[in-house]
Structures are given as structure tokens and as C-alpha cells.
Amino acid sequence: MCGIVGYLGAKEKKEILLDGLKELEYRGYDSAGIAVIEGVNLNSFKAVGKLENLVRKAKDFKADSFGVAIGHTRWATHGKPTELNAHPHLGKKSYVVHNGIIENYQELKKELISEGVEFLSQTDTEVIVHLFEKYNSELNEPFEAFKKTIERLDGAYATLLITKDAPDTIFFAKHGSPMLIGFDGDDVYFASSDTAIIGKADKVYYLEDGEYGYAKSGEVKLFNSKGEKSFTTKPLDGDKLSAQKDGYRFFMEKEIYEQSRVIVDTMMGRVLDSEVTLEEVNESFFEGIDSIKICACGTSYHSALATSYLFERMAKIRCDVEIASEFRYKEPLLDKSTLFITISQSGETADTLEALKMAKRAGLKSLTICNVDNSSIVRESDVALLTRAGIEKGVASTKAFATQTMLLWILAIYIAQLRGTLDRETIQKEIEAMRHSPTVLKVTDELHSKIHRLSKRYLHGHGFFFIGRDIFYPLALEGALKLKEISYLHAEGYPAGEMKHGPIALADSNLFTIALMPKTLLYDKIKSNVEELSARDATILAISPEPFDLADDFIQTKQAIHPMLEFFEMMVITQLLALEISIRLGNDVDMPRNLAKSVTVE
Ligand code: G6P
């Protein structure tokens with residue numbers, strides 16, 4: 001989630017780093033920092049919050065003689081977003097930036113502390129620079145010291161290191177987090193994504209896991225476990241916008257594909273081996289709480305509705321969900337034993353913010369699930385849990401919804417742990433299912449092309465009904481919302497069991513029913529509901545692990561061990577269906593008419 005930039009050459013380094021970091025800022029904006037070594041001069045700047053704070057701090061700094069420079073924009077995993085925890089981390093004479101998680105950092109830190117090393121930050125990253133300096137003072141050979149350092153690291157990393165002991169060299173390593181090397185003549189660039197160096201480098205090499213090496217005055221040496229490795233560069237496309245979209249047609253499409261990756265970030269440090277934990281909140285915060293009220297708008301409301309089933313089922317705590325704009329004027333009865341939860345991807349939605357203020361005035365404790373740190377709702381809430389989806393550019397929310405839902409699921413299990421409502425075995429199963437979520441969120445070529453093919457049959461008709469039961473009912477609402485937002489076709493989400501109480505009157509062959517038919521939850525019940533619709537000649541697109549004879553179209557999902565896994569897999573399918581229908585209709589998927597990403601008016 002963090003962003004990394006590096007540069008070796010004689011050009012002005014501060015601007016190169018800041019320009020690159022600007023492109024990566026959407027990956028994390030807790031803090032940022034840069035470090036430059038030019039001969040004997042070491043300089044570094046760090047600032048908390050958005051990049052503009054760093055720009056201001058370093059405004060009088062210039063570095064335009066030959067040297068090395070590294071920069072980082074952070075999205076906190078270990079340790080709060082403070083200046084001390086911001087990268088680059090400094091040893092005695094070396095700096096390091098890192099993206100990923102060093103899983104054995106505590107063990108390494110203990111070892112270094114016992115040898116007298118002082119740590120300044122709470123990060124996992126800082127062990128890298130101290131290990132390097134320890135080995136370098138033993139070996140007096142920086143590259144060997146770097147090699148020995150990375151051999152000790154477990155986990156995921158992309159890292160750059162510079163040191164006064166080799167002031168013309170950048171050491172690099174990649175394992176599990178992205179990193180690439182860019183070339184322009186003798187100048188060498190590093191970045192965690194190519195957008196950071198477009199327009200600067202013209203050739204690029206994307207590092208593979210397990211590769212490491214060094215760059216020194218135009219020379220780059222690359223190694224892997226087998227020894228030195230030759231590599232070939234590719235030309236770097238100069239089109240920034242298409243690079244930002246990573247080759248996808250729309251940001252929404254890219255964001256759908258990103259879900260299996262960002263959900264890992266949401267779980268990071270929260271879903272442990274045999275329990276879930278939330279470092280942002282103390283257990284005592286939940287003392288005296290006997291019910292939950294969630295307020296949100298749009299897609300965020302749907303994630304609330306879906307997970308309200310989990311709060312009641314798992315944590316045995318009453319959970320009501322309200323649309324924020326309704327809540328505000330209903331003169332709600334509020335009780336201090338109710339935890340008030342808001343959900344918002346932007347953190348700026350006016351109705352949600354006002355609902356939160358009302359709850360606070362009534363003396364309720366507040367917690368928000370949000371994607372934007374330092375947003376108004378985050379600042380206003382007692383506790384904020386960040387979804388870590390990264391910036392979402394498509395107006396129709398996809399990865400924000402997935403991460404909100406995951407985080408609420410984690411919160412439900414966390415509260416269940418506190419209340420002792422689940423046995424160890426059940427908690428273990430929940431964790432196992434959470435950990436399996438990235439797999440079901442992966443979009444395969446086969447699935448995407450099937451949905452693309454099917455989509456041409458769904459461009460007309462007099463409406464869509466998305467139907468589901470239990471947690472799949474809010475998913476049906478969300479599926480319908482996605483479709484109407486970007487296709488402008490009429491779509492409704494409905495509880496499947498409720499269709500016969502009115503909407504079934506609309507059924508005919510031009511009524512498209514998207515039936516969410518999970519196997520792990522109420523399969524026979526929803527099957528009967530879909531049969532009722534089929535008997536009235538509705539056109540059925542069934543989504544299920546079980547083949548369904550009456551379906552006109554069928555998308556088969558995997559047999560799953562947990563309803564949430566079916567939920568996430570079906571979510572992706574409904575998102576792709578909305579996307580493909582809308583693209584066929586020639587719509588601007590990322591900026592649908594009449595909508596806005598952040599609604600700061602009532
Ligand atoms: C807007 C967006 C929706 C979003 C809703 C609530 O309508 O277009 O995608 O679900 O606001 O936004 P929030 O930022 O509070 O989640």
C-alpha cells in the first residue's frame with residue numbers, strides 16, 4: 001500500500017522524488033519522506049499527512065549534484081502515522097524505505113536491542129537499516145551486508161537502501177511487494193509503480209520476487225537465489241492516464257480487479273492466526289455497550305445492512321441500520337448503551353457526518369469505518385478503523401464496499417470475542433474464511449469473458465430485479481445499485497421472499513431477474529422463490545454453485561465453506577455484469593451522469 005521512489009543521477013532529486021510520490025500518494029497518505037545522499041552530505045525530510053506537508057517542509061532544499069535519493073509515501077501498518085514512524089528510516093549513516101511487512105521484525109528487533117541498538121520508531125521497517133549497519137560494520141562491504149540483511153527478512157518487502165559508506169549506490173530488493181527499475185541514459189530510477197517515473201525513464205525492468213542487487217552510476221547488477229542474473233528492459237509507455245489505469249479500460253474495472261489485493265491490506269495485522277484484533281481501539285471502549293446502530297448512505301449503507309446480520313448472529317448484539325438522511329429527521333431515540341457506527345468511503349458525506357454529530361450530542365460512543373484518514377467523519381469519531389482500499393476513482397464504489405464489508409465482518413468477530421459468544425472452533429472457521437476471501441475475489445479471464453458475452457442479452461427489457469435472502473439481500477441491493485448507477489437501466493434489489501408480495505406482478509420475459517443463490521445459506525428457500533418467478537416467465541440469470549435447470553443464463557460459482565465467501569464471489573460477478581452492460585451501452589463508467597464520488601451536500 002505504500003509508495004516508493006528512488007533515483008540515482010545528477011538531476012535535481014527533490015523534484016524527481018516528490019513528482020513520483022505525488023503519483024503514488026493514493027496508495028497511502030499517512031506521512032511521506034525523502035532522503036538524499038550527495039557525497040558526504042546526508043539530508044532527509046519527513047512530514048505527517050499528505051504530501052503537500054512534505055513539499056512545504058522541503059521547499060528550500062535542492063540536490064542537483066550527483067547522488068542517490070529515496071522517497072516514500074506511507075500507509076501505516078505498524079505504528080501510528082507519526083513523523084518518527086515515517087520513512088525513510090535512518091540508522092547511523094544509512095536510510096531505508098520499505099513497502100510490505102517484515103513478519104519477523106519483533107524477533108530481529110529484540111536481537112538488535114540486546115546488542116545495544118536504539119530504535120526510534122515502532123515500525124517493522126527500521127530493523128532493515130540497523131541490521132544492514134550491523135553487518136556492514138562487521139564485513140565492511142555494503143553489498144554483502146545488504147545481502148545478509150535481506151536473507152534475514154521474512155514476509156513481504158520491496159526496499160531501497162542508501163548509505164554514506166557507498167554514496168553512489170542504491171541497494172534494492174523485492175519479495176512480495178511491487179518494484180521496478182527505470183532507465184534513462186545513465187540515470188536510474190526505482191518505483192513501486194511505473195506511474196511514478198513516466199516521462200522520466202524510457203526503459204523499465206519489473207523486478208521479480210527474490211531479486212535484489214544494486215545500482216551504481218548507470219550500472220545495475222541483479223541477483224536472485226541462483227546468483228547474478230541478466231535482464232532485459234521494456235520500453236516505458238509515456239501515457240500517464242493509461243498507466244494509472246494499468247491497462248484497464250476504466251478505473252472501475254481496475255478497482256474490481258484490485259479487490260483481491262486490497263482485502264489483504266484490510267486484514268493485515270487484524271486477522272491473526274487464531275483471533276482478530278483491532279489495534280485502533282481498546283477493549284474498554286466496548287464496555288457498557290449493548291446494541292449497535294449503523295448509519296450510512298449508498299453503497300456504504302449496503303455494507304452495513306449485510307453485516308448487521310453478522311453482528312446479531314455472531315456477536316449476539318442488537319444491530320439496527322439506518323440511511324443517514326432518514327435518521328437525521330426522524331427524531332431518533334438514542335441510548336448511551338448504543339455504539340454508533342458510521343460507514344463512509346469518503347469520510348465527507350454530509351448526511352452521515354450530521355448523523356454522527358447528532359449521536360455525539362446525545363452522548364453515544366462513535367466508531368467509523370472509513371477509507372480516508374483525516375476526513376471529517378474520521379476526525380469527528382471517537383474511533384476510526386480505516387478500510388485501506390486505496391483511492392477509489394470510479395464513482396461507482398467497488399473495492400471500498402468490499403473492504404468495508406470485510407472490516408465490519410472483522411469487527412463483528414472482534415465483538416463476538418469480547419462478548420464470548422463464539423467458541424474457539426467457530427472463530428477459527430471465521431478466520432479461515434476471511435483468509436480465503438482474496439482467492440474468491442480474484443477475477444479470472446474465463447469469468448470476465450463469460451460475463452462480457454452474457455451482457456449483450458441484458459441491454460433492454462423493462463427492468464432488473466436482483467434478489468437474495470439474508471446477507472445476499474443487501475448484496476442484491478448493491479448489485480442493483482451498481483447497475484443503475486452506471487447503465488441507467490432500472491434495477492431493484494429485493495428480498496427474494498418478498499417478491500410474491502407485489503413485485504412479482506411485473507414478471508414477464510422482459511423482466512430480468514438476477515438470482516443470488518448461495519449454497520451455504522437458505523438455498524432451498526431462494527430456489528423456491530426463483531421457481532415462482534420462472535413460472536411467470538421472468539428471464540432468470542442464476543448465480544450459484546448448484547446448476548439450476550430453470551435458469552435462462554447461469555454463472556457457476558465455487559462451492560464454499562462460508563457464506564461470506566459466496567458473498568464476495570457473487571459481489572464480483574454483479575460488479576462485472578454492471579460494468580460490461582454499461583460499456584456496451586457506451587456509457588462513461590467512471591463518471592456516470594448526475595453522480596458524484598463525495599456528496600458533501602444534504
Ligand atoms: C455517493 C457515491 C456512492 C457512495 C455514497 C456514500 O453517492 O457515489 O458511491 O456509496 O455517496 O458515500 P460515502 O463516501 O459516505 O461512502
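**Notebook: salt bridges, core and ligand site**

I began with arginine 261, which is partly exposed at 40% relative accessibility. The model is a predicted one, so I treat every value here as computed. I looked for a charged partner and found glutamate 258, in a salt bridge with arginine 261 whose closest N and O atoms are 3.6 Å apart. Both residues sit in helix α7 (residues 251-267), and being 3 residues apart they are separated by about one helical turn. Glutamate 258 has a relative accessible area of 9%, so it is buried, the cut-off being under 20%.

**Helix α13**

I then looked up a second pair within a helix. Glutamate 425 and lysine 429 form a salt bridge through their side chains, at 3.7 Å from N to O. Helix α13 (residues 424-441) holds both, 4 residues apart, about one turn of the helix. Are they buried or exposed? Glutamate 425 counts as exposed at 56% relative accessibility. Lysine 429, at 49%, counts as partly exposed.

I took one link from it. Arginine 152 and glutamate 111 meet through their side chains at 2.8 Å, N to O. Arginine 152 is in the loop between α5 (142-151) and β7 (155-163), and glutamate 111 is in helix α3 (residues 105-114), so this pair ties together parts that are 41 residues apart in sequence. I noted the accessibility of each. Arginine 152 is partly exposed, with a relative accessible area of 25%. Glutamate 111 is partly exposed too, at 22%.

**Threonine 169**

I moved on to threonine 169, in strand β8 (residues 169-175). At 3% relative accessibility, threonine 169 is buried. What does its side chain make a polar contact with? I found the side chain of aspartate 168, at 3.0 Å. Threonine 169 touches Leu8, Val68, Leu161, Ile162, Tyr214, Ala215 and Lys216.

**The largest nonpolar core**

I went to the largest nonpolar core, which has 92 residues. Which of them touch the most other members? I have Phe311, Leu367, Leu411, Phe464 and Phe568. Domain 2 (251-439) and domain 3 (445-584) both contribute residues to this core, so it lies between them. Not counting residues up to four places away in sequence, leucine 411 touches Leu278, Phe286, Phe311, Ile341, Leu367 and Leu385. Two entries in that list, Phe311 and Leu367, I had already written down among the residues touching the most other core members.

**The ligand**

I finished at the ligand. How many residues are around it? I recorded 13, of which Ser300, Ser344, Gln345, Ser346 and Thr349 come nearest. Serine 344 places a polar side-chain atom 2.6 Å from an oxygen atom of the ligand. For serine 346, a polar side-chain atom also lies 2.6 Å from a ligand oxygen atom. Valine 395 has a backbone N or O atom 3.4 Å from an oxygen atom of the ligand.

Definitions and conventions:
Residues are numbered from 1 along each chain as its sequence is written. This is a predicted model: local features need pLDDT of at least 70, side-chain atom pairs count only at pLDDT 80 or more; totals for chains, interfaces and linings use all residues. Side-chain values use heavy atoms; hydrogens and water are left out. A nonpolar core is a set of buried Ala, Val, Leu, Ile, Met, Phe, Trp, Tyr and Cys residues joined through side-chain atoms within 4.5 Å. Buried means under 20% relative accessible area, exposed over 50%, partly exposed in between (1.4 Å probe, protein chains only). Domain bounds come from an automatic or database domain assignment. Contact means heavy atoms within 4.5 Å. Helices (H or I, at least four residues) and strands (E, at least two) are DSSP runs, numbered from the N terminus. A polar contact is a pair of N or O atoms within 3.5 Å; within protein, one must be able to donate a hydrogen and the other to accept it, and residues adjacent in sequence count only if both atoms are side-chain atoms. A salt bridge is a side-chain nitrogen of Lys or Arg within 4 Å of a carboxyl oxygen of Asp or Glu. A residue is near a molecule or strand if one of its heavy atoms lies within 4 Å of it.
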